[in-house]
Amino acid sequence: MKVEMGHTVSVHYVGTLQDGTEFDNSRLRGIPLEFQVGVTDMIPGFVNAVIGMSVGETDSITLEPSDAYGHRDPDARQAVPRAAFGPDFEFEVGGAVQGNGPKGRFLATIEDFDDDEVILDLNHPLCGEQLTFEIEVIDVSNSPVGEDLTEQKIVMSDWNTSMRKAELLQVAKSLGLPVNTRSTKAQIIEALEAQ
């Protein structure tokens, strides 16, 4: 069966930056990425690449920023009072922080800090990057995401916060947690941690 819009697809992939640095690898986690083509929130170039592929087929694709996480927005910066962080928080330029804002939870990178404030970069860490993915299609079905999961496909106790949103969603749904594709990654992690 060839992948079409609406199909649920399981893939293994390795993602690398233009300089060859590996930023993600589903095989290292031992869990394939499962998503519903055209329904699950995925980067557009990745979705377009799997359409037309079949089980066992592999492909290597290189995505420009516009087909991946977009271009960096220089205005996506925010100054936050240093007092908003806990007294024992260790500040490090380039360090990741998670917070709550008017639009819900967010992930940011510390761009700079001084005695009074912290400057956060709210861009996705891979914004502006050319990305290469080695993709292997593991499974294709007409079932919604998570409907035909087996213990072999996913081990509940092995989830971690470095997993992609779709993988965490898979784990959370299989545990019967009240999350969906509109839940943020942070919300899914919170639900899993409360389990």
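A: Helices here are DSSP runs of H or I at least four residues long, strands are runs of E at least two long, and both are numbered from the N terminus. The model is a predicted one. With those terms, S54 sits in the loop between α2 and β4 (58–63).

Is S54 buried or exposed? Buried means under 20% relative accessible area. S54 has 19%, so it counts as buried. Leaving out residues up to four places away in sequence, S54 touches M1, K2 and V137.

Now the aromatic pairs. The structure holds nine of them. One joins F46 and F133. Their centres are 5.1 Å apart, and the planes stand at 90 degrees, which makes the pair edge-to-face. F46 belongs to helix α2 (residues 44–50) and F133 to strand β9 (residues 131–141), so this pair ties together parts that are 87 residues apart in sequence.

Next, helix α3 (residues 165–174). Seven of its ten residues are buried, so the rest of the structure largely encloses this helix. The buried ones are A166, E167, L168, L169, Q170, V171 and A172. What covers them? The cover includes β1 (8–17), α1 (26–29), β3 (33–36) and α4 (185–194). Just after α3 comes G176, with a positive phi of about 80 degrees.

Last, an open sheet. Four strands form it, in the order β5-β8-β7-β6, with antiparallel pairing. Strands β5 (77–81) and β6 (96–101) stand at the edges. Each has a single partner strand, so one side of each is left without a neighbour in the sheet. From one strand to the next, the twist averages 45 degrees. Look at β7 (residues 104–113) and β8 (residues 117–121): the two run antiparallel and are joined by four bridges. Here F113 stands opposite V118 in β8.

Back to the starting point.

Key. Residues numbered from 1 in each chain as written. Predicted model: local features only at pLDDT ≥ 70, side-chain atom pairs only at ≥ 80, totals over all residues. Heavy atoms only, no water. Phe/Tyr/Trp six-rings, centres within 6.5 Å; stacked < 30°, edge-to-face > 60°. Buried < 20%, exposed > 50% of the residue type's maximum accessible area, 1.4 Å probe, protein only. Contact = heavy atoms within 4.5 Å. Pairing = 2+ DSSP bridges. Axes fitted to C-alpha atoms, helices over the stretch in contact; angles between N-to-C directions.
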